Amino acid sequence: MLEELKLEIQSKSGTGLLDFIREDIPQFRKNLSDAQSMSAIMAVINASVWLNEKMKEWLGEKNVADVLSQSVPNNITSQMGLDLLDVADARRKNEASDAIDSFLEKYGMRCVGEIDITRPRWSEDTSALMQLIENNTRSFQPGESKRRFEKGVREANKKETDLLSRLRQLPNGNEKADETKRNINLLRTFAGYREYPKYGIISRYFVYKQSLLKEAQRLVDDRVIHKKDDIYYLTFDEFRDVVRNRRVDYNVIDTRKGEQEFFEKLTPPRVITSDGEIVTGKYSQENIPANALAGLAVSSGIIEGHARVISNIRDASLKEGDILVTTFTDPSWTPLFVSIKGLVTEVGGLMTHGAVIAREYGVPAVVGVENATKRIKDGQRIRVNGIDGYVEIVG
């Protein structure tokens, strides 16, 4: 479908291009949200919840789905982090140019804040990507990608074998084990699919963006607008009017640029409904140590290490074993996950990006820790409890 789009959109220009994109988007969204697609995603969520609840009830063990989620097959986002390790291997052999080109062909449409079409993609600005490759080249030995994936598979298989063996010792144990096996199969078969809809959206939107920027360049050449990026401050319909009428109101663009600068200084609420309601609340402190920072446990394990407080991925110079502390992550942060041994974020939930990838990489994680980047100082030694959901500052 993407290759068909690339071919068809090449022949479009002017208002015809914008009309083509307008007609394409609803059909594309319909394909992404069809019943079969949503059933696959819900199967993972339901299997994960079932496994955690039943294993706690039957065996007294918490969050077993986290270990069972390690190194699931066919996850386009977690595979991206492993593929970048392979790029580092190629760099050591002086074969980096071809490896980087192949990586960008598959992942070049990604970037920080990628849902915003105006953000520069990796293929448009490779500087952040090159920093990640440098980190991997310095921190890992050749073959790390394969070792990482195989280690996760072994740990998931070991956990499955242990659970099923213990369940068979219980009353009605064979039935419980069979049902558990079915849910493990569902989890590992469909967990990777969760990342494909977003990958599809970003891939398609990048094709739109490239064509829209070509149209913007024509406006620059005709001296209708000053620079291509000015179209980012127009709505889709406003941009179409500019293309049709060859006129633009720069008061609108300048006003919106000022508004963006103001809004970027604001701190967004952790929860906001589709109606604009801001929901607030507090964590229960009953079951966590005094002075611990409460959050949500999303990837099991307890780990200690030095905090690396990072707000911009461009500043990420991590050593293997560091604990990443940041506001939030999205798929572009995935390559960092191969270096860290723990994750703390201010924003997130059980199925947000950081949580999903942390589980697949076997990285203990706590998310939703209010003001974590202010309360934890860079270099402090911290303990991340991904079982009960809190962080302690220990040195």
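**Helix contact and beyond**

Tutor: Start with the residues that touch. On the H2 side they are Gly14, Thr15, Leu18, Asp19, Ile21 and Arg22, and these meet Phe236, Asp237, Phe239, Arg240, Val243 and Arg244 in H11. By class, the contact holds five nonpolar, two polar and five charged residues. Keep in mind that this is a predicted model.

Now the geometry. Two packed helices are described by the angle between their axes and the distance between the axes. H2 covers residues 14–32 and H11 covers residues 236–245. Their axes come within 8 Å and cross at roughly 160°. Angles over 145 degrees count as roughly antiparallel, so H2 and H11 are roughly antiparallel to each other. The crossing of H2 past H11 is left-handed.

Next, the sheet. It is open, with eight strands in the order S1-S8-S7-S3-S4-S5-S6-S2, and its pairing is mixed. The edges belong to S1 (293–294) and S2 (296–299). Each has a single partner strand, so one side of each is left without a neighbour in the sheet.

Follow S7 through its pairings. S7 (residues 381–385) runs antiparallel to S8 (residues 390–393), and four bridges join them. Within this pairing, Arg383 has Glu392 as its bridge partner, and Asn385 stands opposite Tyr390.

H13 (residues 353–361) lies across S2, S5 (342–345) and S6 (365–367). H13 runs at about 45° to S2.

Last, the rings. The whole structure holds six aromatic pairs. One of them joins Phe103 and Trp122, 6.1 Å centre to centre with 35° between the planes. That pair is tilted. Phe103 sits in H6 (residues 96–107), while Trp122 lies in the loop between H6 and H7 (127–139). The two residues are 19 residues apart, and the pair links distant parts of the chain.

Conventions. Residues are numbered from 1 along each chain as its sequence is written. This is a predicted model: local features need pLDDT of at least 70, side-chain atom pairs count only at pLDDT 80 or more; totals for chains, interfaces and linings use all residues. Side-chain values use heavy atoms; hydrogens and water are left out. Axes are lines fitted to C-alpha atoms, for helices over the stretch in contact, and angles run from 0 to 180 degrees between N-to-C directions. Angles under 35 degrees count as roughly parallel, over 145 as roughly antiparallel, 65 to 115 as roughly perpendicular and the rest as oblique. A crossing is left-handed if the near helix is turned anticlockwise from the far one by less than a right angle, and right-handed if clockwise. Contact means heavy atoms within 4.5 Å. Ala, Val, Leu, Ile, Met, Phe, Trp, Tyr, Cys and Pro count as nonpolar, Asp, Glu, Lys and Arg as charged, and the others, Gly among them, as polar. Two strands pair if DSSP finds at least two bridges between them. Rings of Phe, Tyr and Trp (its six-membered ring) pair if their centres lie within 6.5 Å; planes under 30 degrees apart count as stacked, over 60 as edge-to-face and the rest as tilted.
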